[in-house]
Amino acid sequence: MQKKKKKITGLHFPLFNSPPSFFSKLPFVSKPQTPNPSSSLHPSMDLLKSYSDSEPQQSSSPDSSPLRILPSKTSAPAIDETSLALAAAVSERSRTGPLDPTQHSITFNPTYDQLWAPVHGPAPPSAGHSASTIPIGLRNHKLGFVEDAAIEPFLFDEQYNTFHRYGYATDPSGLNYVGDQTALEANSALSVYNLPPKEQKRRRIEMKKDENAPDSGPPAGGEADNPASEEWLLKNRKSPWAGKKEITQGDLTEEQLKYAEAHAAKKAEKEGKNENKEKTDLVVKSTFHGKEEKDYQGRSWIEPPKDIKANNEKCFIPKRCVHVWTGHTKGVSGIRFFPKYGHLLLSASMDSKIKIWDVHNSKKCMRTYMGHSKAVRDISFSNDGSKFLSCSYDKNIQYWDTETGQAISTFSTGKVPIVVKLHPDEDKQNILLAGMSDKKIVQWDLRSGEITQEYDQHLGAVNTITFVDNNRRFVTSSDDKSLRVWEFGIPVVIKYISEPHMHSMPAIGMHPNGNWLAAQSLDNQILIYGTRERFSLNKKKRFTGHIVAGYACQVNFSPDGKYVMSGDGEGKLWFWDWKNCKVQRTLRCHDGVCIGCEWHPLETSKVATCGWDGTIKYWD
């Protein structure tokens, strides 16, 4: 088929063979017009202008069809513009408002004002409620303005009850009122908890009248005689029981005197029986659990084996538990190795019993000492280990023979002893020092059983006694959050250490070189004090990381002085390096509190721990 071209002024259209009504069928094209030769525009521009100016003409031809406009369709989901605006406002507010302290990360650099802004608080007064100061998202919320406000419970209840009673309340900003404005003006904007001045004055006058008026007599006549009527209530507003009646205690009658004397006699008799019962119930005894008390050569069971000697001078931190001793029915409060050799381990428990365990061979309980009626607080060996001291909450101090289990003597002042200690010098092994709950350190002579000295300067219960300076002086700590240094035998403090930042120090350990004291402070740190003349705090050495607040966890050193160790309130055992004060290892030892820890004197990688779960563990 051959193509033909028709020329139209200004435009060229390639046309096929089509009927004459081709242009008339186009709904948006009008018939071509002859351009005006006088027009300055280009002919094609005139034609386009004519197309735009003319309205589409509908042809009367039967072939023409009406214009169909289809509705627009989209597959995108509907979007809530309100939530979008709120999200945008919240993100913008997070950049300008205070930071939320609970969030763990932020995606922008906050300003100084944001970092130091208070956590809660009302909006600043300058913000107001104008539309320009509230973000778009909070301004367009369906329920009105959204604004955070911190309101005290009392203030909230006051406004809540005021709104339900009067119909108005103060908004959280405190600048405007919401609700019934008429009632607001009528009540002078008072809340339910505030009385108007007139009402307060009226009530004061009525109270004065009631105080000055004489007691009203019994009502008489009509409704005033009926207590259920309002007239009776109005007439008897003051209660007949109002006011205080002064009652004077007269002399007792003969019957009352006899009864009081009989009651006092019964009470004294009962108290005497209880005292006698406590004395009779306290039976001091000991039980031996080993095979035999002497071997075939006649050596006692407490003598150290011949093959015990120091393995290595260098100490190592233990890694695992090698043995567990179970025998106490309650928590273990303290443990002590046998002096110099460590082949036996002495333990004191809250079940009022003291046990000694074999460490070197059988790992069994060798003897049980029963001489206290309450929990045992502290134990202490003599220098040779043949005897030891124990103190208990039954207010008694017992002096025991380790081998036979015999209680040699008992000491008491009527107060609870917290700590007991024998003088470390070989020629003064007969001198006993005890820190008491009545703020005193009492000194006994074990030979005569008499008190030879009292050191009375502390303001609280005495917790520890530590000998320093070749045993010529001793340091004591107390619940009064202070350290005091005493010259032995002279009840005068030569050094008093107390600072505002100090806490109570219920446990103190001595460094092997004798120059430093490690004090367990209840603010979860171990402080180091020098034992020279000044007894000053070593600020460069401080051991932290453990939680001991509220517990007298023992602090101790390795025999070479390289490591510091301490238990904590969560049952862990902590090891620090003495030089750099860094944590070297942590062991999970006990279910409850790890209250005591002791480094073996000869086997330099072994440690014993005790806890309030009633067990004693041996670590290597």
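Is Asn470 buried or exposed? At 66% relative accessibility, Asn470 counts as exposed, where exposed means over 50% relative accessible area, buried under 20%, and partly exposed in between (1.4 Å probe, protein chains only). This is a predicted model, in which local features need pLDDT of at least 70, side-chain atom pairs count only at pLDDT 80 or more, and totals for chains, interfaces and linings use all residues. Residues are numbered from 1 along each chain as its sequence is written, and side-chain values use heavy atoms, with hydrogens and water left out.

**The sheet**

- Four strands make up an open, antiparallel sheet in the order S19-S20-S21-S22; strands are DSSP runs (E, at least two residues) numbered from the N terminus, and two strands pair if DSSP finds at least two bridges between them.
- Strand S19 (462-468) and strand S22 (490-497) are at the edges with a single partner strand each, so one side of each has no neighbour in the sheet.
- Strand S21 (residues 483-487) pairs with S22 in the antiparallel sense over five bridges.
- Trp486 has Val493 in S22 as its bridge partner.
- As background, strands of a sheet pair through backbone hydrogen bonds.

**Two loop residues with positive phi**

- Most residues other than glycine have a negative phi.
- Asn470, in the loop between S19 and strand S20 (473-478), has a positive phi near 55°.
- Ser352 also has a positive phi, near 75°, and lies in the loop between strand S8 (344-349) and strand S9 (353-358).
- Ser352 is buried, with a relative accessible area of 15%, whereas Asn470 is exposed.
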